Amino acid sequence: MKNIEGTWLMIKTGDDYCSPEFIEFKNDRIIHFNIKKKGGSKIIKKASEWIEKLSEIKYEFINDNRIRIYRMGKTHTVISETESETKDTEFETDYERIIPTKTELTVKKIQELAFKTEWNNEKICLVFNTELDSKSIKEVNKRLNRQGQKLVLENLQGTYFASIYENNIRRTLIGIKEINEDKAVLFGFPKKPYEVIAK
């Protein structure tokens, strides 16, 4: 069996609406953790009540630091106003092991940097503490008294994350494997390539 030590980030897809979470493997158990703010850029894990038995689930290693767990659930399909169908479905969730970010930069310096990259034909701008929404969305948010999307630098166990907040709620974590003044190596994407380089 491959090494399963450490803390693993749940990789969210576009279909996931849950808060970011982590798991750890201990004595045939999978312990699920939520995260909460500690102060500054620090976040800490907080164990949830969800614990699974590793021996009772199906899983596979995608690579040394990425594991895919399969769980059974239900798919509910509405056929018409009076007819629907429910069937057992196998769902898969990927988790990536977090490792301390390689950097010599301070938190303050990282927050001053700006990077650009592309993943899955989508352009990504990495600019911390700035609203990410377009001008028209910002106007709508203002009328609705909502906070727009914002990228915040956070740190768990020495690993930096670009955390996306929407209306002051943490939605997504993008891991930072390595960062310097010229580039940032980002991880935690749902499809290949699982990591990208931002410059």
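Predicted model: local features only at pLDDT ≥ 70, side-chain atom pairs only at ≥ 80, totals over all residues.

Colleague: OK, so is Phe161 buried or exposed?

Modeller: Phe161 is buried, because its relative accessible area is 0%.

Colleague: Let's talk rings, then. How many aromatic pairs does the structure hold?

Modeller: There are 3 aromatic pairs. One of them is Phe22 with Phe161, an edge-to-face pair with 6.0 Å centre to centre and 70° between the planes. Phe22 lies in strand β2 and Phe161 in strand β11, so this pair ties together parts that are 139 residues apart in sequence.

Colleague: And why does Phe22 count as buried?

Modeller: Because its relative accessibility is 0%.

Colleague: What about Tyr59 and Phe61, how do they pair?

Modeller: Tyr59 and Phe61 are edge-to-face, with 6.4 Å between centres and 85° between the planes. Tyr59 is partly exposed at 28% relative accessibility, whereas Phe61 is buried at 18%.

Colleague: Which charged end sits over the ring of Tyr194?

Modeller: That's Arg66, whose charged end is 3.7 Å from the ring centre. Lys58 does something along those lines with Tyr70: its charged end sits over the ring, 4.8 Å from the centre.

Colleague: Switching to salt bridges. How many does a search of the whole structure find?

Modeller: The search finds 13 salt bridges. Glu24 and Lys45 form one of them, at 2.7 Å from N to O. That pair links distant parts of the chain, with Glu24 in strand β2 and Lys45 in strand β4, 21 residues apart. Glu24 is buried at 9% relative accessibility, but Lys45 is partly exposed at 25%.

Colleague: Which residue does Arg71 meet in a salt bridge?

Modeller: Arg71 meets Glu52, at 2.8 Å from N to O. Here strand β6 holds Arg71 and strand β4 holds Glu52, and the two residues are 19 apart. Arg71 counts as buried at 15% relative accessibility, and Glu52 counts as buried at 10%.

Colleague: And where does Lys123 come in?

Modeller: Lys123 forms a salt bridge with Glu118, and their closest N and O atoms are 3.5 Å apart. Lys123 is exposed at 70% relative accessibility, while Glu118 is partly exposed at 44%.

Colleague: Which residues are linked in a network of salt bridges?

Modeller: Arg66, Arg68, Glu92, Asp94 and Glu96 are.

Colleague: Last one: where does Arg170 lie?

Modeller: Arg170 lies in strand β12, residues 169–179. With a relative accessible area of 12%, Arg170 is buried. Its side chain has a polar contact of 2.9 Å with the side chain of Glu154, and another of 2.9 Å with the side chain of Tyr165.

How values were computed: Residues numbered from 1 in each chain as written. Heavy atoms only, no water. Helix = DSSP H or I, 4+ residues; strand = E, 2+ residues; numbered from the N terminus. Buried < 20%, exposed > 50% of the residue type's maximum accessible area, 1.4 Å probe, protein only. Polar contact = N/O pair within 3.5 Å; in protein donor to acceptor, adjacent residues only side chain to side chain. Phe/Tyr/Trp six-rings, centres within 6.5 Å; stacked < 30°, edge-to-face > 60°. Lys NZ or Arg CZ within 6 Å of the ring centre and 35° of its normal. Salt bridge = Lys/Arg side-chain N within 4 Å of Asp/Glu carboxyl O.
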